[in-house]
Amino acid sequence: MGANRSASEVRKLAEAPLNFGKGSRACLYCKLVQTYEQFIDNGCGNCVTLNMKGDKDRVSELTTSNYSGMVSLLDGRASWVGKWLRLDTCVPGCYALSLHSSTSIR
Amino acid sequence: MDTRLHARMENQGQFERMENEEELERMIKERYAAPRYEAGTGQLDANVDQQALHPTVRDPKLWLVTVKLGKERETVVCLMQKTINLAKQGKPPMQILSCIAQDHLKGYIYVEAEREDHVRKALQGMRHVYHGKPVRLVPINEMVDSISVTTKEVSVVKVDSWVRMRTGVYKGDLAQVVDVNYADNQCTVKLVPRIDYQHLADKESGKAKGKTKSQVRPPARLFAEAEAKRLNLSFERGRYDRSLGASVDVLCSTTKLLDGYHMKTCSLATVKLADAPTLDELQKFAIGDDEDGEKGGNSSGALAALSKAVGTRKTDLKFMPGDQVIIVEGDLRNLEGVVERIDPDGRVVVNPSHKELNELLTFKSEQLRKHFKTGSTVRVLHGKHEGVVGMVVKVERDVAHIFSTVSNEEFQVFMHDLADSEETTQRIDTIGEYALHDLAMLEGSEVGCIIRVEKDVAFVMTNAGTPDRPEIRPVKLHELKKKLLSRNISAQDAHMDTIDQGSMVRIIDGKYKDTTGTVEHIFKGTLWIRARHVQEHGGIVCIRARNCVAHGGNKGSQIGGGLAAQMMGAHGMPPKSPGHALLQSSYTSGLRGDLMSQSLQAPRAAPPRAFGGPGRRGQDPLIGQTKKVRAGVYKGYIGRIVDVTDTSVRLELQAQARTVTVNREHLDVPQVAPSRDSFLAPRATSMYDAPGSRTPAHYPMTPAHGGGMTPMHGGMTPAREAAWNPTATPAHIQDNWEPTSTAGTGWGAGNVGYTPGGYGDSSALAGPTPNAYGVGATPGAAYGQTPGGYGQTPGGYEADEYVAPPAAASWPEDYKGRFLPGVVVRLTSGAQGYITSVAPAGSSFKVKIGTSRPRDGVEVLETVPKSAPEETVTEQELEIVRPGKKTSVIIVTDSGDASRGDTGELITIDGVDGVVRLSSTNDVVLLDMSCLARRWVE
């Protein structure tokens, strides 16, 4: 397991969540926030290897709605916040500040 | 945690890229060669990395931007969307780097940018941003804090967890999680239903529209199909529910029911983990299982299963030295032992109870569980039964069955709620200064014995109850007025024998007939008995003393210390030596032998405990009679004569709870000069009885008490004698009586060289001068000296002896009825008169007929001529005349505040009650009109 990212993928942008309240979910691996439907449609922008795209069960399993705080990362490499949160290599997008669910530990 | 996770992910990624083993080795060395700052945390690498990431002056800055309340996330997401839109349109990106919304920071977001104008530019056109408000720079040392989230330890709701509902009709109710769907943030819980059947029925029939739902929360109880049927609710049986994997019943096509429980699917947000469900709550679930047809399985089994489901909670694992424990984890599982001590680090040192293990073993508290063996005495630490001490009678897994030694009840508690009772840190059997089985005064002059103590409430058995219908009342500490001591108080049983605290008594009627118990407390003729065989109320029975018979068991104390204590209490006199009393008892026992065997119903054991009383009774008929005092400080008082000397009598007052000494002349009592010789003889041999055991306890006299003196008068004990009187000399035995009135004693003490005769005067009344005193030098003359003595009283004692005045009600002792002398009666002929005398046993009555005249429609006796005829009639021919207002009355039946024979004035009539001013005490009391009769006053 792991998130292989190529330079081209980093250039990509993750969709902003269409819903940022209760309907949004965060990836347990990279904390990317999207709605359930967005995860199904697009998968996770970072964790392509998780193969969440099109797989409802995997999305349910690998994302959580139990998170707090939200960061919009516009330029991860230049941002100190991105570095501090270790999101510097992630695609620009909305991320959770922290995940609550203890199920995130694998 | 999150950063670490992420770091690990990254590392994994790197590892995968590093095919080369050497490269891997180099990398590891590089990493771990760094100095360890925090040994043993295992997070060293992550922390060091994070340290290096602290912001510097070269890093972009954070700016605090004011936004509309509640729109923080939206703004952050909008900025992201704006970026995406700009990128799609090929426009140059904004110069901000990130923006952050913290959940706890309402109305603000952080924006990361190099310069303030970058922030302002990026925010242009954004809704929800207060553009007028200044953008503030976050100081560099606060940047980390700004974007950190302090995550608390979040406990997770799992299947089988016990939760409490946060909202709705079930708010606060305990529920068990049967299914959790983390993805949907939902769970299914099992609840004891609170179904408002009527509301459902209204809803179904469409009537509910106008109606508001009842404000009353429906009670939690298992689903009753009968109720649903009664209201014709739609009910579907056995529909398969996929999430539960079982067939459920559906009520009104919404409520899923399984085995009578409500299977409710709700959001995880509406439940919270229950800290410590009490056993009582859990039992609701267990009992429910039982009711639902699982007749085979007992509820305690289900309980044990429940206890397993509750699991071990860290907070509950508190051990104390002496606790019996069992090891539940590790190699030594099932080993039992006793907690030796608790180390400061929380580890528990256990002394194993195994013959080959002699060393103390140390365990973590999670590895241990309390384990009390059957038969051990334990104390309950938590829950409903907190503080109760009892014995373990049965153990089922984690649940112990306790039999309380106090309340004689069996109940079940969790093992972890128990502690060894020897280690009583705080055993609840006291409330304030009151302890279990104490007698306490309550509000409204009620008295009760504390039979059970709970956290902040004591249960008292009041004197208002009977054995068949005990009155138990919970009282708070402030309702307990004062503690009462029964040590010096006694009561009289059915045979007029004295009952003291600690006596063994037998109950002679009612539910507890023939039950034997020890007297714990006495109060005004009411006993609180502790009976071993009584199961209810901790074995305490509240009963009237006259419904009991004293066993022989208390005789020892009667003769010895008990008596002495009573005498002290009653008369403030120094007690005699017990040996003295024994001497007397042997003297009198022979004398009374015959009488005893004839008169006693209850079997008695030697040695006899009442001295002189029966023997003397034969000599003095006055003893036992109720007389009124005609003069002296006690003028007007009525009392029963308990002892007689030739100069004075001991009078047990009816109005006051004490026994007083009254000069004989002050009573309507004849002098007994002829019998003086016979008196002298016993006195010379120290046979002088006085009512030593008469205590003030006898305020409300029982009917039996008033007249029916048995020969064996238990109260008669020798209290005084010639030899004991410090002022008397053997030559003047007849003067040995020392008045208890202060005037008398003071006088006696101040005149050491007194002459014998005069001492017998009632100095209190006469207030004699030394001169007057000196004149009465001979005993015989002394009587004449006293003002109010027989010689000077018109119609002196000789007249009184035969014609009892109506006022001083005197009647045969064996007469227990209501027609007392002086009572105004109506004959069958309609004529009215008053009773002048009563024949023995009430076989006939003499009535003096007067003339009556109607007044306010009622015939009222007006005059009784001196020469009026007397008729002799029987009880059947008599009828008591209901007294009118402002008339003189006599109490013909014992009641709370007055006893039979008392007189008074009826002030007014209040329904069935009459307000009476007692002539003896001048107290105003409320008495039932049926207790009252008009008393004829000339």
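I looked up residues 498-525 of chain B, and their end C-alpha atoms lie 11 Å apart. That span is 54% strand and 0% helix. I keep in mind that this is a predicted model.

I then checked the UniProt record for this stretch. The unreviewed entry lists 498-525 of chain B under "domain: KOW". The record gives that label to other spans of chain B too, including 156-183, 371-398 and 818-841.

Next I turned to chain A. I asked how many of the 7 residues of strand β5 (residues 93-99) are buried. The count is 7 of the 7, so β5 of chain A is largely enclosed by the rest of the structure. I also looked for a pairing with this strand. Strand β4 (residues 67-73) of chain A is joined to β5(A) by 6 bridges, and the two run antiparallel. I noted one facing pair: A:Ser68 stands opposite A:Ser98 in β5(A).

My last stop was helix α5 (residues 116-123) of chain B. I found B:Val119, B:Ala122 and B:Leu123 buried in this helix. These residues cover an arc of only 95° around the axis, which means that they sit on the same side of α5(B). What do the buried residues of α5(B) pack against? I found β1 (61-66), α4 (72-88) and β3 (108-113) of chain B. I also checked what follows the helix. After α5(B) comes B:Gly125, with a positive phi near 80°.

Notes. Residues are numbered from 1 along each chain as its sequence is written. Chains are lettered from A and ligands numbered from 1 in the order in which they are written. This is a predicted model: local features need pLDDT of at least 70, side-chain atom pairs count only at pLDDT 80 or more; totals for chains, interfaces and linings use all residues. UniProt positions are given in the numbering used here, feature names are shortened, and annotations may be inferred rather than shown by experiment. Helices (H or I, at least four residues) and strands (E, at least two) are DSSP runs, numbered from the N terminus. A residue is buried if 20 or more other C-beta atoms lie within 10 Å of its own, exposed if 12 or fewer, and partly exposed in between; C-beta atoms are placed from the backbone. Two strands pair if DSSP finds at least two bridges between them. The arc is that of the directions from the helix axis to the C-beta atoms. Two residues are in contact if their C-beta atoms, placed from the backbone, lie within 7 Å.
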